[in-house]
Amino acid sequence: MSRRSASALGLLLVSACAGAPNVNLAPGPASLTAAEFPGAARLLDGFSPFTFASEWVPGDTVLYGLRLRRGDQQQRWLLRLHLDEVDAGGAPLRWDLQVNGGLQRFESALSRVTATVADADGNVLGGSRPQMPRDFLARGFAPACEQVRAYREDHPEAEAGQGFYEGVDARLLAEAVVSAMALLDTVRNDPLLSPILWQVVQRPSLLSVIGNLGVSVVVQPRFLRATETVPPISEMPHGAVWRVPIDLFVNDAPALVAELVVGTSLPPFGVGGGILAAIARHPSDPEVEFEVLLLAARRGAAPLRAAAVSDPN
């Protein structure tokens with residue numbers, strides 16, 4: 001059984017509401033542009049229109065540009081996610097996550113993708129074939145943002161805090177978090193990209209690890225601070241687009257402050273969970289920033305459906 005658990009060994013502990021420590025830091029304004037990746041078209045070019053159907057098809061592909069800044073030094077990579085198998089088979093992925101103080105189980109079927117890493121000029125550096133939680137990615141962040149907005153419009157007197165989140169579907173909010181974590185997990189498990197991630201995320205101290213009997217990670221999206229915005233690249237087809245602040249804590253200490261730009265997770269954008277851009281900053285070193293930008297998204301070849309033919313006789 002494939003399973004992630006928020007236990008003492010917990011690699012992931014999600015809180016979709018209040019309860020984690022507050023972080024007053026914020027990442028700087030996003031500045032990453034497509035022009036910084038001259039070789040992007042060698043891996044994938046352009047955007048397919050949305051497919052208003054839930055089915056993924058093999059060949060759905062997204063391409064992200066990544067930039068790490070440390071002071072005046074900058075490094076850039078390309079990350080392409082190509083859907084190989086819509087249903088990778090086997091047991092579904094199960095996550096036991098903390099939501100509103102209680103442990104809840106989340107489950108998703110798995111898809112298999114090929115993750116290809118290249119430099120900014122499109123020269124391939126390596127790759128891997130991770131499995132990703134299809135059901136969470138297909139929902140993405142946008143439904144959670146829409147729900148919070150609708151609730152606030154219907155309940156203008158509601159204030160931030162535990163009581164507010166009792167009026168919305170906390171599972172929907174938590175599933176949005178998992179969709180973002182799926183993309184982060186792909187980076188964390190890739191041998192080329194993992195060292196980059198650990199330059200941005202503040203590692204816990206040894207005393208913290210001992211005191212907490214391991215490592216607990218809290219991912220806290222600030223849905224109440226989500227605002228509508230425009231897509232980072234004008235050519236992107238889009239519906240509503242949202243900016244969502246999100247904080248990451250390791251053993252209750254700030255480890256990362258970030259902001260996501262998210263849109264609909266319809267195919268082919270579902271492979272990336274509808275994430276259009278992101279900017280993250282090291283919580284104690286403002287000179288360390290990591291940015292992500294969706295550069296292209298293409299639909300795979302959908303299977304042909306046999307048309308009904310009437311018998312003239």
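Helices (H or I, at least four residues) and strands (E, at least two) are DSSP runs, numbered from the N terminus. I wrote that down before anything else.

**Entry: ground rules.** I'm working with a predicted model, where local features need pLDDT of at least 70, side-chain atom pairs count only at pLDDT 80 or more, and totals for chains, interfaces and linings use all residues. Residues are numbered from 1 along each chain as its sequence is written, and side-chain values use heavy atoms, with hydrogens and water left out.

**Entry: the whole chain.** I looked up the elements and got six helices and 15 strands in the protein chain. Next I checked burial (buried is under 20% relative accessible area, exposed over 50%, partly exposed in between, with a 1.4 Å probe and protein chains only). Of the 313 residues in the protein chain, 51% are buried. For contacts I used heavy atoms within 4.5 Å. Among contacts between residues at least 6 apart in sequence, 71% join residues at least 24 apart.

**Entry: Pro268.** I found Pro268 in the loop between E13 and E14. Its bond with Pro267 is a cis peptide bond, with omega about 5°. I noted for myself that most peptide bonds are trans.

**Entry: Asp60.** Pro267 and Pro268 came up again here, as both are among the residues that Asp60 touches. Asp60 sits in the loop between strand E2 (13–14) and strand E3 (61–70). Buried or exposed, I wondered about Asp60? Asp60 is buried, at a relative accessible area of 1%. Then I looked for polar contacts (N or O atom pairs within 3.5 Å; within protein, one must be able to donate a hydrogen and the other to accept it, and residues adjacent in sequence count only if both atoms are side-chain atoms). The side chain of Asp60 has one with the side chain of Arg299, at 2.8 Å.

**Entry: Glu291.** Which backbone nitrogen does its side chain reach at 3.0 Å? That is the one of Ser31. The backbone nitrogen of Leu32 is 3.1 Å from a polar atom of the Glu291 side chain. Leaving aside neighbours within four places in sequence, Glu291 is also in contact with Ala30, Gly65 and Arg67, among others.

**Entry: the cavity.** I went looking for holes on a 1 Å grid over the protein atoms alone: a cavity is a set of points where a 1.4 Å probe fits but cannot get out, a pocket is an open set with protein on both sides within 12 Å along at least five of seven lines, and lining residues have an atom within 4 Å of a point. Grid points are joined across faces, edges and corners, and volume is the space filled by probe spheres set on them. The structure holds one cavity of 30 Å³ or more. The largest cavity contains about 420 Å³ of space. Its lining has 25 residues, with Ala180, Leu184, Leu256, Leu260 and Ala278 closest to the centre. H4 gives the largest share of that lining, five residues.

**Entry: the second largest pocket.** I got a volume of about 230 Å³ for this one. Its lining has 16 residues, and nearest the centre are Ala30, Pro232, Arg243, Val261 and Ala277. E13, E14 and E15 are the elements giving two or more residues to that lining.
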